[in-house]
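Subject: Structure handover

Hi,

Here is the structure for you to take over. Please load it first, then read the notes below.

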Amino acid sequence: MRVLAAMSGGVDSAVAAARAVAAGHDVTGVHLALSAKPGTLRTGARGCCTVEDARDARRAADVLGIPFYVWDFAERFTEDVVEDFVAEYAAGRTPNPCLRCNERIKFEALLDKAIGLGFDAVCTGHYARLSTVDGRLELRRSADDGKDQSYVLASLTHEQLAHALFPLGGSTKAEVRAEAAERGLQVAEKPDSHDICFIPDGDTRGFLTRRLGEQPGVLVDDETGAVLGRHVGVHEFTVGQRKGLGIDAPAPDGRPRYVLSLEPVSGTVRVGAAEKLAVTEIVARTPVTRVAFDGPVECVAQVRAHGGLAPAVAELVGEELHVHLREPLSGVAPGQAVAVYRRDPAGDLVLASATISTTR
């Protein structure tokens with residue numbers, strides 16, 4: 001196949017491209033410039049898509065002997081990922097920008113351009129597995145549970161996955177690094193990027209305040225209604241947050257308080273005890289399903305990229321995915337995604353994904 005390898009400048013995408021070449025595909029490398037003003041250097045594992053990353057991607061392509069290009073997707077990234085991130089926080093929701101980037105940039109904008117240029121597939125360094133059973137394309141967890149990224153890919157459509165290659169799905173991170181070293185790729189020991197790529201200093205609160213300005217409100221005790229403190233915007237908080245609340249006095253029982261809910265219209269942040277964070281029912285909108293839902297389906301629900309799993313029963317109700325958790329989960333916030341899986345000897349199978357709208 002003619003394959004476009006998305007090369008971020010990290011070890012995973014470099015080895016994914018190398019495996020595509022080894023498999024006999026006609027591979028071209030591309031690095032996505034996602035910032036109009038990229039920094040020249042990373043700070044350890046913070047940030048990505050810098051000038052340094054573009055250079056690392058080019059060096060890896062040179063080692064592999066494949067053509068390499070840099071495509072400017074900064075405007076599209078700003079509109080579809082950064083502005084979406086800001087708007088979701090302003091609305092009192094907690095978005096997942098990595099999921100949105102995969103959905104709208106790598107497997108919408110990039111894939112559309114690749115198909116338009118005559119490529120058959122886009123290859124990435126995601127840790128997930130694709131398989132075809134009885135003519136049906138399936139998305140599964142990777143072999144490395146600690147690196148699995150099927151959660152942030154679960155919202156992709158069947159058509160998008162039909163043009164995707166995930167060469168690392170059957171490997172562990174240690175195996176990928178060892179292979180990179182064997183192939184002479186200089187990124188073999190490069191740190192993984194963490195945090196949000198467009199907030200390289202890690203100060204999400206400061207970033208949002210600069211974008212949204214101050215929108216003062218109050219922190220209220222959910223039990224008594226007492227005002228416990230003031231804030232400059234609900235965008236400073238997310239459900240389940242414990243630290244940085246700005247509450248001077250401890251709770252009467254001496255136990256920590258957590259953010260329970262956000263009310264952006266009134267500017268109210270409700271806080272309370274940890275047990276009030278327990279959620280057993282999730283209603284999620286705009287579901288993307290991978291199998292037919294003819295009724296309630298036994299599954300495992302996941303509400304965060306790493307962790308946040310519980311046995312559950314999922315059911316499609318109109319245009320919503322309703323998930324009943326058999327074991328409660330804490331810190332489940334509107335705006336996050338819920339992905340549901342079926343336990344399977346061949347590896348957990350993604351059944352559906354949707355965006356959480358309400359919980360109880």
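**Helix H1**

The buried residues of H1 are Val11, Asp12, Ser13, Ala14, Val15, Ala16, Ala17, Ala18, Arg19 and Ala20. Keep in mind that this is a predicted model. H1 runs over residues 11-22 and has 12 residues. Of those 12, 10 are buried, and H1 is mostly covered.

The length of H1 is as expected. From its first C-alpha to its last, H1 reaches 16 Å, close to the 16 Å expected at 1.5 Å a residue. After H1 comes Gly24, with a positive phi near 95°.

**H3 against H8**

Two packed helices are described by the angle between their axes and the distance between the axes. How do the axes of H3 and H8 cross, and within what distance do they come? Helix H3 spans residues 74-90 and helix H8 spans residues 204-212; their axes come within 11 Å and cross at roughly 90°. An angle of 65 to 115 degrees counts as roughly perpendicular, so H3 and H8 are roughly perpendicular to each other.

On the H3 side, the contact is made by Val82, Glu83, Phe85, Val86, Tyr89 and Ala90. On the H8 side, Thr204, Phe207, Leu208, Arg211 and Leu212 make the contact. By class, the residues of this contact divide into eight nonpolar, one polar and two charged.

H8 has its own buried residues: Gly206, Phe207 and Leu208. H3 is included in what covers them. Phe207 and Leu208 therefore turn up both in the contact with H3 and among the buried residues of H8. H8 is followed by Gly213, which has a positive phi near 75°.

**His231**

His231 sits in strand E9 (residues 227-231). Is His231 buried or exposed? Its relative accessibility is 6%, so His231 counts as buried. The side chain of His231 has polar partners on two backbones. A polar atom of this side chain lies 2.7 Å from the backbone oxygen of Gly267. A polar atom of the His231 side chain also lies 3.3 Å from the backbone nitrogen of Val218.

Beyond its neighbours within four places in sequence, His231 contacts the run Gln215, Pro216, Gly217, Val218 and Leu219. Glu236, Phe237, Gly267 and Val269 are in contact with His231 as well.

**Asp348**

Where is Asp348 placed? Asp348 is in the loop between strand E16 (337-342) and strand E17 (349-359). Asp348 counts as buried because its relative accessibility is 10%. Its side chain makes a polar contact with the side chain of Arg343, at 2.5 Å. Residues up to four places away in sequence aside, Asp348 touches Leu139, Arg140, Arg141, Tyr341, Arg342 and Arg343.

Ala337 is in strand E16. Ala337 has 5% relative accessibility and so counts as buried. Which residues does Ala337 contact, leaving aside neighbours within four places in sequence? They are Leu99, Tyr151, Gln302, Val303, Ser353, Ala354, Thr355 and Ile356.

Leu161 is in helix H6 (residues 158-161). At 2% relative accessibility, Leu161 counts as buried too. Leu161 touches Leu130, Leu137, Leu139, Leu156, Phe166 and Arg290, not counting residues up to four places away in sequence. Leu139 is 22 residues from Leu161 along the chain, and their C-alpha atoms are separated by 8.2 Å. Leu139 is also touched by Asp348.

**Thr286**

One backbone angle to look at. Thr286 lies in strand E12 (residues 279-289). Its phi is near 45°, a positive value in a residue other than glycine. With 53% relative accessibility, Thr286 counts as exposed, because the cut-off is over 50%.

Best wishes

Terms used. Residues are numbered from 1 along each chain as its sequence is written. This is a predicted model: local features need pLDDT of at least 70, side-chain atom pairs count only at pLDDT 80 or more; totals for chains, interfaces and linings use all residues. Side-chain values use heavy atoms; hydrogens and water are left out. Axes are lines fitted to C-alpha atoms, for helices over the stretch in contact, and angles run from 0 to 180 degrees between N-to-C directions. Helices (H or I, at least four residues) and strands (E, at least two) are DSSP runs, numbered from the N terminus. Angles under 35 degrees count as roughly parallel, over 145 as roughly antiparallel, 65 to 115 as roughly perpendicular and the rest as oblique. Contact means heavy atoms within 4.5 Å. Ala, Val, Leu, Ile, Met, Phe, Trp, Tyr, Cys and Pro count as nonpolar, Asp, Glu, Lys and Arg as charged, and the others, Gly among them, as polar. The expected span of a helix is 1.5 Å times one less than its number of residues. Buried means under 20% relative accessible area, exposed over 50%, partly exposed in between (1.4 Å probe, protein chains only). A polar contact is a pair of N or O atoms within 3.5 Å; within protein, one must be able to donate a hydrogen and the other to accept it, and residues adjacent in sequence count only if both atoms are side-chain atoms.
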